[in-house]
Amino acid sequence: MTQVDVVIVGGGMAGLALASALAGSGLRIEVLEKQLPLGPETWSDGFDPRVSAITRASENILRFCGAWDFIESQRIAPYADMDVWDGEGTGNIQFHASEASVEYLGHIIENRVIQYGLYLACQAHENITINAQGMDQLSRENGTWLVTLEDKTQLLPTLLVGADGGHSTIRERTGFSVREWDYGHNGVVTTVETEKPHGNVARQPFLATGPLGVLPLRQKLSNEESHLSSIVWSADTKTAAELMAMDEATFNHALTVALEGRLGKVVRSERRFSFPLQQRHATDYISDNVALVADAAHTLHPLAGQGINMGFLDAAVLAEEVSNSVRRGLSPIEPMGLKRYQRRRKGHNLMMMSTMEGFKRLFDVVPMPLRLLRNQGMSLLNEHPIAKGHILKHAMGFAGDLPEAAQSA
Ligand SMILES: Cc1cc2nc3c(=O)[nH]c(=O)nc-3n(C[C@H](O)[C@H](O)[C@H](O)COP(=O)(O)OP(=O)(O)OC[C@H]3O[C@@H](n4cnc5c(N)ncnc54)[C@H](O)[C@@H]3O)c2cc1C
């Protein structure tokens, strides 16, 4: 039985971000990850179908973690503008980086690039061990949790963290309750090539069947005139099944129509993947010696691309609170520190989740008068610089009780 300060179950983007953000605390950290990330030498030319819109606040956290240099050396795509429109009407809002006096609002990055950058960052610290094993059993031992690995090694953590994703075993086995509901939506994701270049604009029409996110990609870092985009087409289950069953030409045509030809014709699309979309929120993020971060604590509709951005903020705030406790000579599970983590993150995450839920409902099929109002509202908002500035601040991740890591580059 080995005593460890912090055991993080799950070495996805959030778990590795937490480990690297905690490195400076001097605590002994062990990350358990059943599927270690593979490096660029194993990556095909094609894009990872899972990409994320990373806010500027998350970029700062990734810099703080020591992962940004690697990430920046890969083919990441900055986006400077967002174009959101009502596919069922005339409502249209555009957001420009220049309205916030910045050069770009964020980057579109393949998940595997982020995860591998964080993995490299963790490897640079002697106090972090990444164990390529899953957790086999979890049991209670003298008031703490005993983690048994697949090879039967046993770890006794002072702090146990669930960073093991939406179907978190840690959350379930340590007795956290959760509120969840099925959106009745699936997200269909793929990479597409369009006739016209995307111009570094992230686009999102709200269609009758659900929102369609079109995120700019670059084949090469210097490729300003790229025609490649990653799409997340959220649609009711029936429509998503139809999209999945289409042959490539039919799918490309359906996407061209959905985008109203704004990128010209969709000339090519890669293999499609479909994910069921669920909203889930743990009623608590902490117990006496367990903490949940990122998707283990909350999942939401991908329509605003906020999932992992919220997760990185969780990781950075938890690392800040635990490090502060340790610096003051206290235990990493000092109750005030853990409570502050929950207080700082839960309110912000709830606000984000309810806003996204509101958006989703507003754009669900609604009666004609409400649709007219919705379109007028969008056009009015487009002319309102103060309200747009407020939304831009959220879109860049600079809202809520930010950890220091998110504020400074
Ligand atoms: C279609 C779609 C599009 C999205 N787009 C965006 C976007 O643009 N921007 C954004 O911010 N978010 C986006 N998200 C959300 C984002 O992908 C998630 O929030 C993010 O992947 C969660 O990361 P995580 O590290 O919490 O969990 P995961 O990525 O699920 O990682 C959990 C890790 O834990 C490991 N694990 C699980 N159980 C065990 C165990 N027992 N032992 C050891 N290891 C274990 C797994 O192998 C995995 O590596 C999107 C989501 C979807 C579905």
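Taking contact to mean heavy atoms within 4.5 Å, residues 24 or more positions apart account for 75% of the contacts with a separation of 6 or more in this predicted model. The protein comprises 12 helices and 19 strands. Its radius of gyration is 21 Å, close to the 22 Å given by the globule rule for 409 residues, so the protein is as compact as a globular protein of that length. The C-alpha trace spans about 60 × 45 × 40 Å along its principal axes. The accessible surface comes to about 17300 Å², and carbon and sulfur atoms contribute 53% of that area.

Turning to the interior, buried residues make up 56% of the 409 residues. The largest nonpolar core has 73 residues, and Ile71 and Phe312 are those with the most contacts inside it. Helix α8 (residues 307–327) supplies the largest share of this core, with 9 residues. Apart from this core lies another, of 31 residues, which includes Ala97, Leu228, Met352 and Phe363. Ile71 itself, leaving aside neighbours within four places in sequence, is in contact with Leu62, Ile76, Ile109, Val113, Ile114 and Gly117.

In β3 (residues 51–55), 5 of the 5 residues are buried. Val51, Ala53 and Thr55 point one way from the strand, Ser52 and Ile54 point the other way, and all are buried. Strand β7 (residues 106–110) pairs with β3 in the antiparallel sense over 5 bridges, with Thr55 standing opposite Gly106 of β7.

Key: Residues are numbered from 1 along each chain as its sequence is written. This is a predicted model: local features need pLDDT of at least 70, side-chain atom pairs count only at pLDDT 80 or more; totals for chains, interfaces and linings use all residues. Side-chain values use heavy atoms; hydrogens and water are left out. A nonpolar core is a set of buried Ala, Val, Leu, Ile, Met, Phe, Trp, Tyr and Cys residues joined through side-chain atoms within 4.5 Å. Buried means under 20% relative accessible area, exposed over 50%, partly exposed in between (1.4 Å probe, protein chains only). Helices (H or I, at least four residues) and strands (E, at least two) are DSSP runs, numbered from the N terminus. Two strands pair if DSSP finds at least two bridges between them. The radius of gyration is taken over C-alpha atoms; the globule rule is 2.2 Å times the number of residues to the power 0.38. Accessible areas come from the Shrake-Rupley method with a 1.4 Å probe; for residues, only the protein chains shown count as cover.
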